[in-house]
Amino acid sequence: MDEDAGGRLPDRETVAPPESFVEGANVTDADLQEQFDREWPDCWARAGALLDWERPYRTVLGGEGDDREPPFGWFEGGRLNASHNCVDRHLDERKNQVAIKWEGRLGETQSYTYLDLHREVNEFAAGLRALGVEAGDVVTVYVPMIPELPIAMLACARLGAVHNVVFAGFSAEALADRMGRAESRYLLTCDGYYRRGAATNQKNRADNARISLDHDLEATVVVSRLGEELRLGEDQYGYAGLLATHSGATVDPVARAATDPLFLIYTSGTTGTPKAVTHTTGGYLAQVAWTARSVLDVEPGDTYWCSADIGWITGHSYIVYGPLALGTTTLLYEGTPDHPEKERVWEIIERNAVNVFYTAPTAIRSFMGWGEEYPDRQDLSSLRLLGTVGEPINPRAWEWYYEQIGGGECPIVDTWWQTETGAIAVSTLPGVDEMKPGSVGRPLPGIAADVVDADGEPLPPGEPGRLVLERPWPAMPASLADGDGWGPDPPGGEWRYVTGDEATVDGDGYVTLLGRIDDVINVAGQRFSTMELESRIVETEGVAEAAVIGGDDDTTGAAVYAYVSPERGHPTGDGLRARIDERIREAVGPMAVPEAVVFTPELPKTRSGKIMRRLLEDIANDEPLGDTSALRNPEVVGEIESVVREG
Ligand code: PRX
């Protein structure tokens, strides 16, 4: 990482929001924070008001609990449908406006107006219903960034079915695991897709997943992405054929309770298995729409581009639900930023006159490394606001983004949130707040984030501690209210949500993220559980033990490093390394393959037998080693160090 990436400076330079932006900003209310504080929780009615309700809610925050103890019932009594909110209600005013603009991997483009979107969502919903999908059923969606992905999500939402989008890069095993846990009997996949020039066989992976599942699938629908004839087995249907059968059909949106699930998504927690996060229909959609409007400054009629993948929460909230709830044009890009040329991203911005661009610090650091000649060749003057998400942004990358891409005219919103928060929770309000490069900003109005010590006591400015949320928020998952993540902290203490992140807060209340403090590592904005990767590695023949840590990486923020001790007498040549990589590829996917594997006869352990990860992190990051006196086997440290330094 850069020297300036640590973010431990107490009061960094501030940047005022550009006046040209403030004039037209969605939110310019300087005392919004105070208003929300005064009116909490009713302040969140402003988010609820952005939606169409089939039946109005009785109360903003109901439930049997108080404002700390679950269950929480956001917008209790209300009924609504997310597909109606993202599609139907825009038809009167903007049926001919583009809702989804798709930029394909091979340079193809495709536009869906709100009317087109309405037609296809209805036809696919009719098709799913004919295949037996009912409200509450879990439909797994395993396709890359093609228009059928958001269409399928909205079709599920229309029926009240729960979508379970699995990132297209996950392996067959990872897909089967997620479908099995969710007891999902319906699957949408595709024949294949292009990745770095080569076509991958997605259908094959989906078929393999189906074979290994303990339960039967009712139906699999297959999109033809490669344009070849589909080879369909029993209970498998072509997407285009299904639409043709239901051509012109309409399906009335099924009204759902605000607290009913809209979707589930798996993420990496601190355990060895994927963690299901279930988001609700009312609270989630309200906060996502609210933050898309107030933080990302999205307006109806904008062309907005979030470069994340819909397989992760960022794409769910800020490619699909937020922008479409607001009636904007959302851009979907299937390709990679450097193909066919390194100016691809800027060329897409110019050609589509993109107004708001939301990406990850990893991408910005890559762009910066490629040089300004690429953005310089394009006209980026359509941009009004820039956003970042997923990892800390170092001040140098921030400055580059602000000047080279925004021309000093576009505020940057550095947005902190998680799969579990569902929507942005900490960020500046771009038309109100000053920006501090490297620091995300204050908790949003209505969000009670704080930095606390081990006892749950708030820490003074500048002192690193645990980032927690002290009050419920509308987009909180139903699963948190069940006690998963929300609970007395420390045991016997106040109820709060522990985010797993370490942070500091400065005298102005601005939060600076320092990284994860739990067993989760964040590589280029993708989450992995160290425990999950370790369990997969030890499944490799010849491996006795493994410890996985996040090593520093200038571009991706962190890289997966594995320390592996082989079984006694097992050779550690390249063969073992290749088998470890293969096991990870098979069990998780190529994105989790370790950057480095260090073989060592033993892992450093405390006397109680716990692996000392901090020590392994320090070795990987070339940092001074802390106290090693608690080790049972201090002699291995020197050995590991010498392997790492020489290697
Ligand atoms: O560590 C924080 C980091 O990403 C984690 C959440 O990952 P995930 O659930 O995959 O969601 C990613 C996109 C919302 C957080 O616990 N993170 C997210 N945003 C930021 C961040 N770290 C620093 N700055 C951010 N803006």
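Helix 20 passes helix 21 in a right-handed crossing, where right-handed means that the near helix is turned clockwise from the far one by less than a right angle, and left-handed that it is turned anticlockwise. The model is a predicted one, in which local features need pLDDT of at least 70, side-chain atom pairs count only at pLDDT 80 or more, and totals for chains, interfaces and linings use all residues. Residues are numbered from 1 along each chain as its sequence is written, and side-chain values use heavy atoms, without hydrogens and water.

Helices (H or I, at least four residues) and strands (E, at least two) are DSSP runs numbered from the N terminus. Axes are lines fitted to C-alpha atoms, for helices over the stretch in contact, and angles run from 0 to 180 degrees between N-to-C directions. Leu615, Leu616 and Ile619 of helix 20 make the contact with Val637, Ile640, Glu641, Val644 and Arg645 of helix 21, contact meaning heavy atoms within 4.5 Å. By class, the contact of helix 20 with helix 21 has six nonpolar, no polar and two charged residues. Here Ala, Val, Leu, Ile, Met, Phe, Trp, Tyr, Cys and Pro count as nonpolar, Asp, Glu, Lys and Arg as charged, and the others, Gly among them, as polar.

A second pair is formed by helix 8 (residues 172-182) and helix 9 (residues 202-212), which pack at an angle of about 50° with their axes 8 Å apart. That angle makes helix 8 oblique to helix 9; angles under 35 degrees count as roughly parallel, over 145 as roughly antiparallel, 65 to 115 as roughly perpendicular and the rest as oblique. Helix 8 passes helix 9 in a right-handed crossing. From helix 8, Ala172, Leu175 and Ala176 meet Arg205, Ala206, Asn208, Ala209 and Ser212 in helix 9. The residues of this contact divide into five nonpolar, two polar and one charged.

Ile364, Arg365, Phe367 and Met368 of helix 14 make the contact with Arg396, Ala397, Trp400 and Tyr401 of helix 16.

The loops hold some backbone features. A cis peptide bond, with omega about 0°, joins His339 and Pro340, and Pro340 is in the loop between strand 17 (329-333) and helix 13 (344-352). Ala353 is in the loop between helix 13 and strand 18 (356-359); its phi is near 45°, a positive value in a residue other than glycine. The peptide bond from Asp489 to Pro490 is cis, with omega near -10°, and Pro490 is found in the loop between strand 23 (486-488) and strand 24 (495-505).

The ligand has 18 residues around it, of which Asp414, Thr415, Thr419, Arg516 and Arg527 come nearest; a residue is near a molecule if one of its heavy atoms lies within 4 Å of it. A polar side-chain atom of Thr419 lies 2.5 Å from an oxygen atom of the ligand, and for Arg527 a polar side-chain atom lies 2.7 Å from an oxygen atom of the ligand. Gly390 has a polar backbone atom 3.1 Å from a nitrogen atom of the ligand.

Definitions and conventions
Polar contact = N/O pair within 3.5 Å; in protein donor to acceptor, adjacent residues only side chain to side chain.
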